[in-house]
Amino acid sequence: MYLEISNLRKKFGSFTALSGVNLAVEKDEFISLLGPSGSGKSTLLRLIAGLEQPTEGRILIDGEDVTRLPPYKRGIAMVFQDFLLFPHMTVRENLNFPLRMLKMSAAEREERIDWCCGILSLTELKDRYPNQLSGGQQQRVALGRGLVCRPKVLLLDEPLANLDRELRRDMEIEIRRYQVQLGIPFVYVTHNQEEALSMSDRIAVVNKGGIEDFADKSTIYSHPKTRFIAQFVGRSNVFTGPVLTSPSGGKSIEWQGIQVPLGPNASVGSPESATAYIKIEDTLIEADDGTPGPGKIAGKLRDVIFRGQYAEYLVNLPNGAEIVASSIDSSTRVSPGDNVLISWDVDRLDVFSDAVRP
Ligand code: ADP
Ligand code: MG
């Protein structure tokens with residue numbers, strides 16, 4: 001493994017910001033640290049960069065233990081949300097700045113700057129000042145300030161958070177392309193799941209100073225290992241209640257008076273209480289033809305919200321709850337006020353045991 005973090009722990013005074021963090025990243029990988037604000041993502045990045053010292057644990061880069069090395073000896077670069085460009089320096093001078101610290105000859109520095117501008121499509125903009133650049137161009141210069149030193153690892157802390165949505169999408173693709181081109185690991189911090197899902201090979205979900213799971217993105221999305229991940233990644237309908245087992249062995253959750261069928265593989269049983277999550281795109285809506293089959297829940301369509309490529313159907317259930325469905329057969333026509341049926345493939349449910357009922 002190219003970047004190895006073992007048993008990392010960080011305390012600020014009596015507050016434990018991170019504990020038991022293990023991560024192993026390969027040389028050609030793009031990984032994201034995805035988690036809510038305050039979960040410890042930036043702290044982890046700052047520890048890798050050497051801007052903070054861990055209370056416990058080790059960090060290895062390319063086989064070398066860098067835990068006690070100062071930042072500039074780690075071969076790491078970091079890109080931040082605020083571009084931190086020098087306003088009185090041109091693009092060329094901004095890129096030259098970190099190189100001057102490296103005691104390179106002027107010719108070598110010029111070569112590096114050209115290389116970097118080539119990769120980032122900044123060649124035509126080299127003599128401009130930051131206020132003569134668009135937001136996306138400024139962000140590319142900020143990336144360049146990291147890449148120009150040819151780091152072994154690039155760390156990015158919410159670098160796109162200040163850009164508008166359209167530009168962010170373009171930059172996501174560009175950043176991923178740079179990573180592939182350079183063949184070094186990128187560790188990308190974000191609280192935005194779409195960003196993490198679109199760019200990463202693997203995602204580490206960070207919560208309350210620990211890593212809930214570190215897995216390829218499709219696993220994180222489709223097979224959440226923990227309840228937190230099920231809640232945080234994607235959009236789901238949530239059902240909580242006691243588990244019932246019918247005489248024939250079929251399980252369901254009794255959710256506010258509605259029986260929510262579970263699959264045979266759900267690893268819960270009565271008398272437990274459990275919570276099941278189903279993604280809205282796995283929640284199917286049909287017109288109610290008066291013969292609800294087994295496993296289908298009747299409701300009334302309240303509203304339809306068009307989201308462009310898909311629509312969300314808001315369905316009121318007899319127990320007063322609301323469900324969102326966004327899977328629909330293309331031939332189905334339903335309008336607000338119609339009686340509808342909701343169902344899903346029970347294998348798609350993510351079921352977590354709550355506490356055993358007294
Ligand atoms: P994130 O980047 O996921 O939003 P941070 O890593 O910035 O989260 O912060 C994680 C937790 O550690 C927060 O509760 C934050 O207040 C705390 N923290 C971060 N840096 C310091 C510090 N220098 N001193 C004290 N507490 C800190
Ligand atoms: Mg942060």
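The lining of the largest pocket comprises 19 nonpolar, 2 polar and 3 charged residues, where Ala, Val, Leu, Ile, Met, Phe, Trp, Tyr, Cys and Pro count as nonpolar, Asp, Glu, Lys and Arg as charged, and the others, Gly among them, as polar. This is a predicted model, in which local features need pLDDT of at least 70, side-chain atom pairs count only at pLDDT 80 or more, and totals for chains, interfaces and linings use all residues. Residues are numbered from 1 along each chain as its sequence is written, chains are lettered from A and ligands numbered from 1 in the order in which they are written, and side-chain values use heavy atoms, with hydrogens and water left out.

A pocket here is an open set of points on a 1 Å grid over the protein atoms alone where a 1.4 Å probe fits, with protein on both sides within 12 Å along at least five of seven lines; lining residues have an atom within 4 Å of a point. The largest pocket has a volume of about 760 Å³, that is, the space filled by probe spheres set on the points, which are joined across faces, edges and corners. Among its 24 lining residues, I76, A77, M78, P98 and C149 lie nearest the centre. Strand β6 gives the largest share, 4 residues; strands are DSSP runs of E, at least two residues, and helices runs of H or I, at least four, numbered from the N terminus.

I turn to the second largest pocket, of about 480 Å³. Its lining divides into 3 nonpolar, 4 polar and 7 charged residues. Domain 1 (3-230) and domain 2 (235-353) each contribute at least three residues to that lining, the bounds coming from an automatic or database domain assignment.
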